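Here is a brisk report on a protein model and its two ligands. The structure comes first.

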Amino acid sequence: MVTPIRVAITGAAGQIGYALLPRIANGDMFGPDQPVVLQMLELPIDAAQDALRGVAMELDDCAFPLLHDMVLTSDPNVAFKDANWCLLVGSKPRGPGMERGDLLRENGPIFEAQGKAVNDHAASDVRVAVVGNPCNTNALIAMNWAKDVPNERFSAMTRLDQNRAQAQLAAKAGVHSTAVKNALIWGNHSATQVPDFVNCTIDGRSAADVIGDEAWLTGEFFQTVQQRGAAIIKARGKSSAASAASALIDHVRDLTTPTPNGRWNSVCVPSDGSYDVPEGLISSFPVRADGKGGYEIVQGLELTPFLKEKLAASAAELAHERDEVKALLPS
Ligand code: NAD
Ligand code: LMR
């Protein structure tokens, strides 16, 4: 039998967890032949643990062929034990009128404890994807506390923003979303994120040329993608969940399967100084994976002065967030 992958999911009884777990158990994340063990972490309070038990009962009731076992716990050391993937979702979402950065002080401390637990208990090949907001800086905190885990094993999610950009460009061009390739987000998963319309293509041509409306690209398109999370919160009264779970499936698949030639995906990874993003910050870049656990940041993409200026501003915001959480980083 194929050895099951151990997948730790924090905040497993939350909105995203509820949409995510059945998809992982169904094989959507690791493929139709790969059994999984779900190691689910929730807060040590009755309401959260009761909800977690209910989710596990539903997973049992799906009788998923690939679901090998489940672990339900309130202890990060148990949840991350021998985990090959840690999906750090659990944290407070923002409400109407808040920016993601407002969550920094509330959610940041979670990622110190979890970074240490990953370091001490996860499998030697562990990889970590952070979704809980502000996800870039939370990933930075966890990465810094997981001293023995190579930095490149940590990522944060802008795949949802990429999917949003792809959908907006397709709608404007009047094509199906599959005609849009290499949609790309640079920088922070925040209102300063930079959706690239120059290196993205529609039916093989630069999206900027196909759309032919610079004012829309630098105006409405930019703002719609940057503010989509807020728009969902306003409409639903809760932050995005089904689309976030779906994007996390995409994110992990992007990093575990070889990226086709000429393509890339948006992943927030530790900067090596590429595109003038200060080294060490966790920023969204075009990333290509080799399917064997490695990846590279795609080099040599041309940015317009407008996009360069926006990326510099987003990188400055990431540096500011890092300074804000200095007390949560190892000295
Ligand atoms: P939710 O409130 O529905 O669920 C979060 C769950 O996490 C809750 O069940 C809570 O009990 C649990 N939790 C809180 N602290 C925990 C801890 N220390 N350990 C374990 N569990 C803990 O929220 P949600 O809608 O599922 O969103 C989760 C996070 O994901 C939020 O921070 C949200 O902003 C973020 N998010 C990110 C993206 C992205 O694209 N990066 C997209 C959507 C949402
Ligand atoms: C999103 O982009 O939908 C999430 O980050 C939730 C939020 O706060 O916007």
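Ligand 2 lies between domain 1 (5-156) and domain 2 (159-322), because both domains give residues to the shell around it. The domain bounds come from an automatic or database domain assignment. The shell around ligand 2 consists of P93, R94, R100, N133, L160, G229, A230, I232, S239 and S240. A residue is near a molecule if its C-beta atom, placed from the backbone, lies within 6 Å of it. Helix α9 (residues 228-236) gives the most to this shell, with three residues. Helices (H or I, at least four residues) and strands (E, at least two) are DSSP runs, numbered from the N terminus.

This is a predicted model: local features need pLDDT of at least 70, side-chain atom pairs count only at pLDDT 80 or more, and totals for chains, interfaces and linings use all residues. Residues are numbered from 1 along each chain as its sequence is written, while chains are lettered from A and ligands numbered from 1 in the order in which they are written.

Ligand 1 is surrounded by 29 residues. G11, G14, I16, G90 and A244 are the closest. Helix α1 (residues 15-25) supplies the largest share of this shell, three residues. Domain 1 and domain 2 each give at least three residues to the shell around ligand 1.

The table sets out residue classes. Ala, Val, Leu, Ile, Met, Phe, Trp, Tyr, Cys and Pro count as nonpolar, Asp, Glu, Lys and Arg as charged, and the others, Gly among them, as polar.

| Group | Nonpolar | Polar | Charged |
|---|---|---|---|
| Shell around ligand 1 | 14 residues | 12 residues | three residues |

Now the domains. The protein is divided into domain 1 and domain 2. Their centres, taken over C-alpha atoms, are 23 Å apart. The contact takes 32 residues from domain 1 and 28 residues from domain 2. Two residues are in contact if their C-beta atoms, placed from the backbone, lie within 7 Å. On the side of domain 1 that touches domain 2, α1, β4 (85-88), α5 and β6 (154-156) each supply at least two residues. Helix α5 has the largest share of that side, six residues. By class, that side of domain 1 has 18 nonpolar, seven polar and seven charged residues.

Helix α5 (residues 135-145) also packs with helix α4 (residues 104-121). The angle is about 35 degrees, and the axes are 7 Å apart. Axes are lines fitted to C-alpha atoms, for helices over the stretch in contact, and angles run from 0 to 180 degrees between N-to-C directions. From α4, residues including L104, F111 and V118 take part in the contact, and the α5 side includes I141, M143 and W145. Seven nonpolar, eight polar and two charged residues make up the contact of α4 with α5.

Two backbone details remain. The peptide bond from N133 to P134 is cis, with omega near -5 degrees. P134 sits in the loop between β5 (127-130) and α5. N133 is also one of the residues around ligand 2. D203 is not a glycine, yet has a positive phi of about 50 degrees. D203 is in the loop between β10 (201-202) and β11 (205-206).
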